[in-house]
Amino acid sequence: MNRKYIIALTVACALFMQVLDTTVLGTALPTIAMAFGESVVRLHLAMTAYLLAVVVFMPLSGWLADRWGARAIFQGAVGVFTVSSIACGLANDLDTLVLARIAQGAGGAMMVPVGRLVLIRSVPKSEFVRATVWVTTPASIAPILGPVLGGVMSTYASWRWIFWINIPVGVIGILMAALFMDNSCENKVTRFDTRGFILAGSGFFGLVYTLEMFNEGMLSFGVIMITALCSIAAIGVYVLHARRRSDPIVNVALLAIPTFRASLVGGTLFRSGVGATPFLLPLMLQTGLDHDPVQAGGIMTFIALGALAMKGFAERLLRRYGFRKAICRAALLGAFMVAACAFFTRQTPWWIIIVVMLASGCSRSLLFTGINALIYSDVATKDYGSATGFFSLIQQFSWLFGIGLGAAALTLAQTVNDARTPSLSDFHSVFLGVALLTASSALIFMRIDRTAGHNLIRGRPPEPCRKE
């Protein structure tokens with residue numbers, strides 16, 4: 001096998017481990033809560049702690065890779081994640097588990113962005129899309145395995161094994177990195193932006209904390225608003241700081257590049273929209289359509305199956321139609337599938353729901369494959385580290401924002417209807433609103449130049465479009 005594809009599979013090990021860890025934990029939370037003698041609500045601190053650590057430490061990834069070498073940081077991050085997974089499995093109380101999850105989040109924050117950085121430095125731009133497919137295909141399997149493994153292990157073995165299954169994957173990732181990765185780094189490394197790190201870290205920490213506490217109903221509305229405003233102010237001050245500094249920790253100057261800006265902004269809108277569905281859909285299936293948890297989980301796996309099926313066609317479609325047209329169509333199809341959820345009733349045939357889930361997975365897979373490559377289309381090699389850290393941070397945050405947005409919209413619908421529990425009509429109105437947000441991403445993608453991304457795919461570029 002070609003060395004660059006082995007590197008892609010090595011990075012895929014890290015991404016697979018991270019996604020699997022996230023999906024497997026949610027299923028096992030009630031069992032862990034019972035073992036610790038805690039409420040399930042308090043156990044969500046274990047998930048929140050991980051997410052907070054990710055958004056705080058992720059801006060460090062690019063600078064550390066440039067300073068110490070991408071392979072060294074990648075191996076260190078995988079090692080921290082793996083050792084922390086062992087500590088999570090050994091925890092006997094909530095406080096210990098939360099501390100271990102914070103360490104795990106620190107490793108996860110750098111593991112995938114630095115791994116992606118190693119990959120793009122190892123392959124020519126013309127093979128970025130193919131390499132992206134190699135990385136994300138194994139990760140598409142994790143959402144299918146995660147809920148099943150979490151349920152099986154917590155029921156028939158021990159909840160501790162949901163963390164320990166990371167050990168063999170982490171060891172394989174470290175060994176493959178040692179054998180096949182170069183320790184690439186920048187010859188000239190800038191001074192660490194301490195002030196920027198504090199401003200950006202506190203700003204995004206505050207926003208994620210606000211979203212999580214809002215979802216759990218653990219803070220009053222006034223406290224949530226104050227925290228959110230302070231967090232936004234910190235990010236605003238950081239932007240002013242970054243514009244005056246030549247080497248900021250998060251390089252906002254990259255937004256001047258049209259392809260990077262479109263990928264970041266459009267991707268954030270799309271991801272925020274579809275990111276609400278993993279929260280809204282299982283809830284609607286169970287409370288509104290009377291499906292049991294197993295049926296709801298089984299239906300959700302078809303999204304992952306659709307994403308997996310699209311991986312084999314993504315590069316072909318991007319080559320045939322060009323990035324702009326393919327991504328725009330994927331965004332509109334994804335929005336249409338979100339809107340379709342607003343028409344599900346108790347009489348909707350199961351096969352229609354499955355078709356919608358499969359089509360939704362296909363559209364997401366094509367769009368994410370396209371923008372994950374397009375962000376590097378016009379970025380200078382020396383800025384790869386900054387671009388990777390910036391994009392990964394916003395990518396992570398937009399998923400969290402989508403969940404928070406879905407929860408807020410559903411709460412608002414309940415309040416308007418003066419109901420204690422959401423009705424099926426509440427879900428329908430929220431899905432339509434979320435679909436509009438998802439569709440708005442197409443307006444951003446339409447502004448991409450029709451020749452954008454031609455340098456990312458091998459072979460003949462698509463035929464010039466007719467003058468518009």
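**Cavities, fold and burial**

Tutor: By the rule used here, the count comes to two cavities of 30 Å³ or more. The model is predicted: local features need pLDDT of at least 70, side-chain atom pairs count only at pLDDT 80 or more, and totals for chains, interfaces and linings use all residues. Residues are numbered from 1 along each chain as its sequence is written, and side-chain values use heavy atoms, with hydrogens and water left out.

Student: What makes a space a cavity?

Tutor: On a 1 Å grid over the protein atoms alone, a cavity is a set of points where a 1.4 Å probe fits but cannot get out. Grid points are joined across faces, edges and corners, and the volume is the space filled by probe spheres set on the points. The second largest cavity holds about 40 Å³.

Student: Which residues line the second largest cavity?

Tutor: A lining residue has an atom within 4 Å of a point. Among them are Thr 277, Leu 281, Met 337, Ser 360 and Arg 364. The lining divides into seven nonpolar, two polar and one charged; Asp, Glu, Lys and Arg count as charged.

Student: Which helix gives the most to this lining?

Tutor: Helix α16 does, with four residues. Helices α12 (277-288), α15 (323-340) and α16 (350-374) each supply at least two. A helix here is a DSSP run (H or I, at least four residues), numbered from the N terminus.

Student: How many helices and strands has the protein chain?

Tutor: It has 18 helices and zero strands; a strand would be a DSSP run of E, at least two residues long.

Student: Why is the protein chain called as compact as a globular protein of that length?

Tutor: Its radius of gyration, taken over C-alpha atoms, is 21 Å, close to the 23 Å that the globule rule gives for 468 residues, so the description applies. The globule rule is 2.2 Å times the number of residues to the power 0.38.

Student: Why is Arg 101 called buried?

Tutor: Buried means under 20% relative accessible area, exposed over 50%, partly exposed in between (1.4 Å probe, protein chains only). Arg 101 has 3% relative accessibility, so this residue counts as buried. Arg 101 is found in helix α5 (residues 94-122).

Student: Which residues is Arg 101 in contact with, leaving aside its neighbours within four places in sequence?

Tutor: Contact means heavy atoms within 4.5 Å. The partners of Arg 101 include Asp 21, Tyr 50, Cys 88 and Phe 163.

Notes:
1 Å grid on protein atoms, 1.4 Å probe; cavity = no way out; pocket = protein on both sides within 12 Å on 5 of 7 lines; lining within 4 Å.
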